[in-house]
Each structure stands twice: as structure tokens, then as C-alpha cells.
Amino acid sequence: MAGWRLVRNRYIGAAVVAVSVLAGVATAALADTQIGAAQLVVNQVTGTLASTREAAPLRAGIDVFQNETISTGKTSASRVLFQDKTELSVGPLSEVVLDQFVFDPDPSRSRVALSIAKGVARFSSGLLPKSDYELRTPTATIGIRGTLLTITVSPTRVSTISVQSGSAYVTAQRVTVTVEAGYSTLVRPGFPPTVPVPSPPLPDSATEMLTLLEVAAGGTPTGTRLGTQVGNRASAVEMPQLNGNLMMSPNIDPQKQSEIRGHKYIGDP
Amino acid sequence: MVHRLSACLAGAAISMLLSPAVSFGQSAVPGDNSLPLFESLLSNANDIQANLAYAQSLQAAGRNDEARQIYRKVLGLDPNNATATAALATLGPGSQLAQPSQTDFTLRWGGAFETNVPRRPPTFSNNSGWVGFGELTVNDIRQLGDVLLQSNFDVYSNANTHFPSVEITYAVADTGPIFDLGANGKLRVAIGGEYLLQGSMVVQPDGGHGTRKFTYDALDAIFNYFPPQPMPLQSVNVLVGYNNFTHDQEFRSGVMLRTTAPMVFQELTPWHTLLIATPGFIYNGAQQSFGAPRPAHYSEINMDLLSLTPLATRQLGSDTVFGKLGFFADAQFYDSRDPTQSSSNRQDQRIIPLAGIRLVNFMGTGVQVDLDYRYDKNFSNDPSERFEDHIISLIGTLRF
């Protein structure tokens, strides 16, 4: 199925070009426009295209398309990277619709919109002007004025918006509140957003999402990477070098390097 | 699984006991019983029952640090709250750090080509050469009673085409508890040891490509301070040790001090550039206590800058391709303490610019591949120590 999607993408690309030339319409207006790719996929994650309404398993590296719906199962998560470097993390038992992604050389004509229908998601904005981004939940519209926020939507359509970095404007029932970093707000159906309060620890589904994705990315869960090494020129130890220079364990005294380099017997012609 | 199930059951039980004010979310996301409690806190931030319920949910899920944070908030709202007081007593001062034990392994291997292996000035004949190396690092964290213990072990060895086959082998280890300083961060106090063996043959006195056989060992006391996150400063590390340097012509020993303060700056550019900046300082007072004075009292200041910028996804067989730009600089000062020498102080200044790429999850294997070029230049006040070098390296890293 993955191969089919990739192959299909090429045909779609060709079709998009042909249609654009012949009809003179913007390619972004077409259905199934490729807008990014799944960067990480953990367990059961599917993508449903608007054109086919057929759910297909999502795998890391597979393209995602405009109007595609990403759904996750239990203990599942995915991270999608869009063309403008926007990152969207989707947690367990969630559903997110990639509504509109228009990337135009003129930033004022670009637009990114997506809907979190249920579950939990984390959004990290990309290279476009912040005003180009719009997130939706069943009860609220969110304007981005920052880079990182976490959103939950319960089956009762209650939305929470927690801002980790920057700020966000949350609108419901014609009332807008500004949520600064470190604060959260809640929107119930038919009610305006609540007054933002300092964010409590995120719910389990959010932490599970972050843990699943961090482990999948090759790291270890946050909090366990406490490090220890002293004298660790962390970037330097990435670099092997003959004579041992800079090729030191983090706890090896670099004076040893000078001992090696400074001795006249080494490498004398 | 049992742990997760018990957490869910506990969360469900708590939900049933909640006040009507928080009952609207009882049919929240399946599998996340903490979500309705989280929602209730956003609309009733200072509601004691809502806070208690959420804290108990977090505690049931093993998120004790966060549970403790909420219990403390409850005590701020109601200093005499018996439930919060009892819960904090149950968590105990040490268990606030409790977390599942975890052991991480990192395997690194690779090789490099270097144009000036002898690291000598142009008046000497240059020799290019190859080196290959392997390294295994083990990082372990585990709860032992009330103590959260963090330990590290590292073993490394290399081989090359220029010197005797195995040039350097070393092993280091350290272990120590982590103390929670509350809002002030965490402090780790550890002891460690280092052992290094250089070369496998004795000096060749006729000027051949020989190498000294020597050993280096040290016993260290290590202090790692971790400030509250998020902030650029990741840690402040101080090592105080006593080291011995031995080979067939000399023996030196003495105290040493090493410090670093690595910092990470996220989103430094619109292109999601991450910058790692690591300033450091080293002092080694080791000296020979017999015979002629030998170079001693070495100190160094250094600064490493390494930036990582995502360039592309799904290219070159990897999930993500990062561009790497680095600049490493240090100034080294040697005080020989030798009154017979007219100039006893040697000073080196080195710069090492770097450019390379990093491939994450190469060919779906989980291996990180780094391909780097760097230029190494030493400006020394001792002409015999000046050199320049070009190095191309290819390194694989696998964490498991």
C-alpha cells in the first residue's frame, strides 16, 4: 500500500501539472495535493484521502495530502513534517484533518489550516508567517502567535489548548482569549474560552504521545537523559582523529592529547 | 501493561468520586482517564477537589514528580489539607524522583582520513593516514530505595594505519545519586575512574614512527547541576580528580579540575536551527616529583559551537538530513615550571571549523550517520607545535 501511495503521488503530480497548464488553475486547489510526509509512525496509524475515502496504513516517509485525515489507534502516534517545516504530532486514539495547506512564494497568500477532531495533538509552526496558521477544534478556532502548543479534544467535544512556547489566540462564541506560554484554556461546546490558567501537567495521552515519538526518534524519554560527563566537549567527541586528538571519551583529560601531540617521538620523520 | 492498567483503573475510580463540577468529561478519550481531570483543572484551577483528583491520577500513573507538584499546590490553597499531606508523606522525599529503571546503550563506530597524521609543521614530512574506532557507552538510571542512582560506562579503542595497530584504549566509569533541589533543579554527586592505555610498543629512538607506551588513570569526584528546564543551560559540570601519568621515562601525578556548561539554543533561525554551545575550562596540576622538572600545570579554555539544521526529509536514504556547521576553538597554556628554560610557557591556540551532514535513521536501520569535513589549525608560540590538518570522517551511531 505504501508503494502504491508513492507511485500514485507521481501520477498525481503529473496530473496536477497537466491540469494546471490546461486549465490554468492553481495546483493548491486540487484534491490530494502533496503537502508533507510522515516523519515518525508508531503502531497503528492510518491516512484517509478525501478523494478515495479509503483508509490506508501510514508509514514513515509516506507522503500526506491536503484534506487527508490521520487517525491513530491505541498506543499509537505519528509525527508529520510539512513542506514549510511545520511539525504536527498526533497522539493515541486521535483524528486530525489536514484541511488546507497552500504554500506560495508570496507568504501573504500562503495558508495552513488543520482540524483536531478528537484526541491529542501537538503543533509546532513552520516557516510561514504566524498569521497564516489556523487550527480548529469542534468548539474553537486557534490563531498561532508562537511555535508550540498542545491541544486535546474529548469525545464530548471539550477542547483544551496549552501553549508551551509563544502565544495563541483562542476564539469561541465570538470571544477571544490570548493564551501565553505556560498557560492553558478550555472550551466547552456553546461556551467561550475560559480564562487562561497556569498549565497543570499534561494529561496521560499527551505524555504518552511525546514518549512514543521520542523513543521512535531514537532518543530516550525526557527526564532520563541526565548526562554525567565532565570535560565533555560533546561536539568534539563526535570527531575521530588520528593521534587521538579530540577522540577522547568525555571523561578523559584532554591533557592526554597534548601529551601525545607534544612528544617528539611521535611522527618525527 | 499491569502498570498502565492499574493507572487506568485508579483514574476511573477517581473519576467516579469527582464532584459534579468535573463530571462533564467522564466520557473522555478512551484510555486517558486523566483528561477529564485535566479539563476540570482548567475551569476550576483553584478547586481543591479537582486538584486532588488530578494529583491522585498522576500518582497512579507513576508521574510522581508532577503529582507532588499538584499536592504542593493544594497545600498552598489549604495548608491543613490532610489528603495532600498524607500523599506527600507517602511519596516521601526520595520517591519524588522515582521513575522506571532504564539502561541506554550507544554504539559508535567509524573512521577518518587525515592529511597530516603526525600533526607536525610543514618542515616535517607530512603523512596521511586512516583511523578506525569503536566505542560503547552505557548509561543507566535506577531507583534503589530512596536513592535515584545514575551510572555511566564507556569503553573505546581505535586502530590506524600509521602507528602500531591499537593506539588508544580506554575505559571510564562513574556512578552517583541525583538529589532533587525542587524548583532549583537537580544535583548529581558521583565518583568515577578513568584508565587509558596508549600504544603497544616502546619508543623507537631513531626517529622512526614509534609511539610511547603510557598509561593514564584518575580517580574523580563529579558534580553535575541540572537547572530547571526549559532553559538553554543544560547543566553545569565540575570534576575534581587526582590523576597519574606513567611511561618508561617519567611519572607525574596531581590534581585536576574540569568544568563545562553545555547550552542548547532551539529554533535559532527560521530554518529550525539548533545550536549547541559548550564552553569549558581545564586545569591539571600534575607534575613530576623527582628528577628534572617536566612540563606541568596545564590549563585550557575552550568553546565548541555546533549547529544542526534540518535540510530535507526522505533524502539520501534517511528520514531526515541535517546540515552541520561547527566551530571549535581552544587556548592551551603550559607552564613547565622549569627554571632552566628561557621560555617555559608554551601557548597553543587551535581553531577547528567543521561542515558536514547527519542522516537520521539511515536505510531504516536506526543508525545515525555523520559525514564531516574539518580543518584543524594550531597557532602556537612554539614553531614546532604549529600544524594544519584536513580530516574527513564517517561515523555511525546506534542507540538501543
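A residue is called buried if 20 or more other C-beta atoms lie within 10 Å of its own, exposed if 12 or fewer do, and partly exposed in between, with C-beta atoms placed from the backbone. The views below come from a predicted model, in which local features need pLDDT of at least 70 and side-chain atom pairs count only at pLDDT 80 or more, while totals for chains, interfaces and linings use all residues. Residues are numbered from 1 along each chain as its sequence is written, and chains are lettered from A and ligands numbered from 1 in the order in which they are written.

**View 1. Helix α2 of chain A and its buried residues.** Helices (H or I, at least four residues) and strands (E, at least two) are DSSP runs, numbered from the N terminus. In α2(A), the buried residues are Asp204(A), Ser205(A), Ala206(A), Thr207(A), Glu208(A), Met209(A), Leu212(A) and Leu213(A). Their cover includes β1 (34-42), β6 (77-82), β7 (87-90), β9 (111-124) and β12 (148-153) of chain A, together with α2 of chain B. The expected span of a helix is 1.5 Å times one less than its number of residues; for the 13 residues of α2(A), residues 204-216, this should give 18 Å, and the end C-alpha atoms are 18 Å apart, which agrees.

**View 2. Strand β11 of chain A with strands β10 and β14 of chain A.** Strand β11(A), residues 141-144, has a covered face made of Ile142(A) and Ile144(A), and an uncovered one made of Thr141(A) and Gly143(A). Strands pair if DSSP finds at least two bridges between them, and β10(A), residues 133-136, pairs with β11(A) in the antiparallel sense over three bridges. A hairpin of four residues joins β10(A) to β11(A), and Glu134(A) stands opposite Gly143(A). β11(A) also pairs with β14(A), residues 167-172, in the antiparallel sense over four bridges, where Thr141(A) has Thr171(A) as its bridge partner.

**View 3. Helices α2 and α3 of chain B.** The axes of α2(B), residues 34-43, and α3(B), residues 48-60, come within 9 Å and cross at roughly 145°, where axes are lines fitted to C-alpha atoms, for helices over the stretch in contact, and angles run from 0 to 180 degrees between N-to-C directions. Two residues are in contact if their C-beta atoms, placed from the backbone, lie within 7 Å. The contact is made by Ser34(B), Leu37(B), Phe38(B), Ser40(B) and Leu41(B) of α2(B), and by Ala50(B), Asn51(B), Ala53(B), Tyr54(B), Ser57(B) and Leu58(B) of α3(B).

**View 4. Helix α4 of chain B.** The 14 residues of α4(B), residues 64-77, should span 20 Å at 1.5 Å a residue, and the end C-alpha atoms are 20 Å apart, which agrees. The buried residues of α4(B) are Asn64(B), Glu66(B), Ala67(B), Arg68(B), Ile70(B), Tyr71(B), Lys73(B) and Val74(B).

**View 5. Asn381(B) and Gln150(B) in chain B.** Asn381(B) lies in the loop between β14 (367-380) and β15 (387-399) of chain B, and it is exposed, with 12 other C-beta atoms within 10 Å. Not counting residues up to four places away in sequence, Asn381(B) touches Arg346(B) and Gln347(B). Gln150(B), in strand β3 (residues 147-160) of chain B, counts as buried with 21 C-beta neighbours inside 10 Å. The C-alpha atoms of Gln150(B) and Ile178(B), 28 residues apart along the chain, are separated by 7.1 Å.
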